[in-house]
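Welcome, and thanks for taking a look at this one with us. Please have the chain open in your viewer as you read.

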Amino acid sequence: MHQLQHATVQNRLLKALPADDFARLQPHLRFMTGELRQTLIAPDETIRTLYFPESGFSSIVSGSSGKVEVGLIGREGLVGATPVLLGVDQTPFHHFVQHAGEMLAIDTADLMAAVDESPSLRKLLLRFVQTLLLQTAQTAFVNATYNIDVRLARWLLMCHDRLEGDDLALTHEFLSTMLGAQRSSTTLAVQALEGHRMIRARRGRITILDRLAMEAVVEEGYGLPEREYARLVEST
């Protein structure tokens, strides 16, 4: 296994760390592949491992049957950060891999030992937690304000932010689960965006064609958490 270097990591949160803080974490980071639908953090169980995505992304879902997405984390963040950094050892939410990719795993105990040693590390990780809380609040705002077409466009933009390319593998059934909508409503929303040539939908796959048009449709429903991330994390 090659030695992990600060200059070569793809995770934006790790890249934003000062060199000495990265050095605190580096010996404890281990490469792994996150498989599609793999559980990273199970609800109501002790969180023993956290994950810095290098590629792909993960969903946080709520509900008794895990049917509504309340958060999305890709290479901008740390899966499991919110409960652990706020002093909680478990969460009622299910964290799983939505788009397969590489990750850097770290034991919770090792991360928290480094956080206890470094106020600057704690500060930056908590700034990420703030942006994730903003994302969840923005989701609530969009769900209460906009129709399913806009909700779908926003969700696809967020996924696109975390992809290497323009293709997203998913079914209409899974998409409706993430949006907390009926499958028939989701299918109509997909058809509406496709009719305006913003996306191309094929069986099990959606391709982003016109991102700028999608951003115009979503209006203020997209962009706040992303801007705050750039301000709080990447400008430090």
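Below is a short briefing, grouped by topic.

The structure is a predicted model.

**Helix α5 and Q135**

- Helix α5 covers residues 119–145, and its 27 residues reach 39 Å from the first C-alpha to the last, close to the 39 Å expected at 1.5 Å a residue.
- The buried residues of this helix are L121, L124, L125, F128, V129, T131, L132, L134, Q135, Q138, T139 and V142.
- Is Q135 buried or exposed? Q135 counts as buried because its relative accessibility is 5%, under the 20% cut-off.
- Leaving out residues up to four places away in sequence, Q135 is in contact with G71, L72, R154, M158, R162 and P225.

- Strand β3 spans residues 49–53 and is mostly covered, with five of its five residues buried.
- Both faces of β3 are covered: T49, Y51 and P53 are buried on one side, and L50 and F52 are buried on the other.
- Which strand does β3 pair with? Five bridges join β3 to β7 (residues 101–107), and the two strands run antiparallel.
- Within this pairing, L50 of β3 stands opposite I106 in β7.

**Nonpolar cores**

- The largest nonpolar core holds 40 residues, and L13, L14, L25, L29, F52, L78 and L111 touch the most other members.
- Helix α5 gives the most to this core, with six residues.
- A second, separate core has 34 residues, including M158, M178, L193 and M198.
- M158 is also one of the residues that Q135 touches.
- What surrounds F52? Beyond residues up to four places away in sequence, F52 touches N11, L13, L14, L25, L29, G77, L78, M103, L104, I106 and L111.
- I106, one of these contacts of F52, is the residue that stands opposite L50.

**Salt bridges**

- Side chains of opposite charge can pair when their charged atoms come close.
- How many salt bridges does the model have? The count comes to eleven.
- One of them joins the side chains of E234 and R12, at 2.8 Å from N to O.
- This pair links distant parts of the chain, with E234 in helix α10 (residues 224–234) and R12 in helix α1 (residues 12–16), 222 residues apart.
- E234 counts as partly exposed because its relative accessibility is 40%, and R12 is likewise partly exposed, at 31%.
- Another salt bridge joins the side chains of R24 and E117, at 3.5 Å from N to O.
- Here too distant parts of the chain are linked: R24 sits in helix α2 (residues 19–25) and E117 in helix α4 (residues 108–117), 93 residues apart.
- R24 is partly exposed, with a relative accessible area of 28%, whereas E117 counts as exposed at 55% relative accessibility.
- R24 and E117 also belong to a network of salt bridges that takes in D21.
- The side chains of R202 and E194 meet in a salt bridge as well, at 3.5 Å from N to O.
- R202 is exposed, with a relative accessible area of 51%, while E194 counts as partly exposed at 28% relative accessibility.

**Exposed spots worth a look**

- R197 has a positive phi of about 60° although it is not a glycine.
- You will find R197 in the loop between α8 (183–195) and β9 (199–202), and R197 counts as exposed because its relative accessibility is 67%.
- E219 also has a positive phi, of about 55°, and is not a glycine either.
- The place of E219 is the loop between α9 (211–218) and α10, and its relative accessible area of 53% makes E219 exposed.
- Where does A7 lie? A7 is in the segment before α1, and at 68% relative accessibility A7 counts as exposed.
- From C-alpha to C-alpha, A7 and A19 are 9.8 Å apart in space, and they are twelve residues apart in sequence.

Conventions: Residues are numbered from 1 along each chain as its sequence is written. This is a predicted model: local features need pLDDT of at least 70, side-chain atom pairs count only at pLDDT 80 or more; totals for chains, interfaces and linings use all residues. Side-chain values use heavy atoms; hydrogens and water are left out. Helices (H or I, at least four residues) and strands (E, at least two) are DSSP runs, numbered from the N terminus. Buried means under 20% relative accessible area, exposed over 50%, partly exposed in between (1.4 Å probe, protein chains only). Contact means heavy atoms within 4.5 Å. The expected span of a helix is 1.5 Å times one less than its number of residues. Two strands pair if DSSP finds at least two bridges between them. A salt bridge is a side-chain nitrogen of Lys or Arg within 4 Å of a carboxyl oxygen of Asp or Glu. A nonpolar core is a set of buried Ala, Val, Leu, Ile, Met, Phe, Trp, Tyr and Cys residues joined through side-chain atoms within 4.5 Å.
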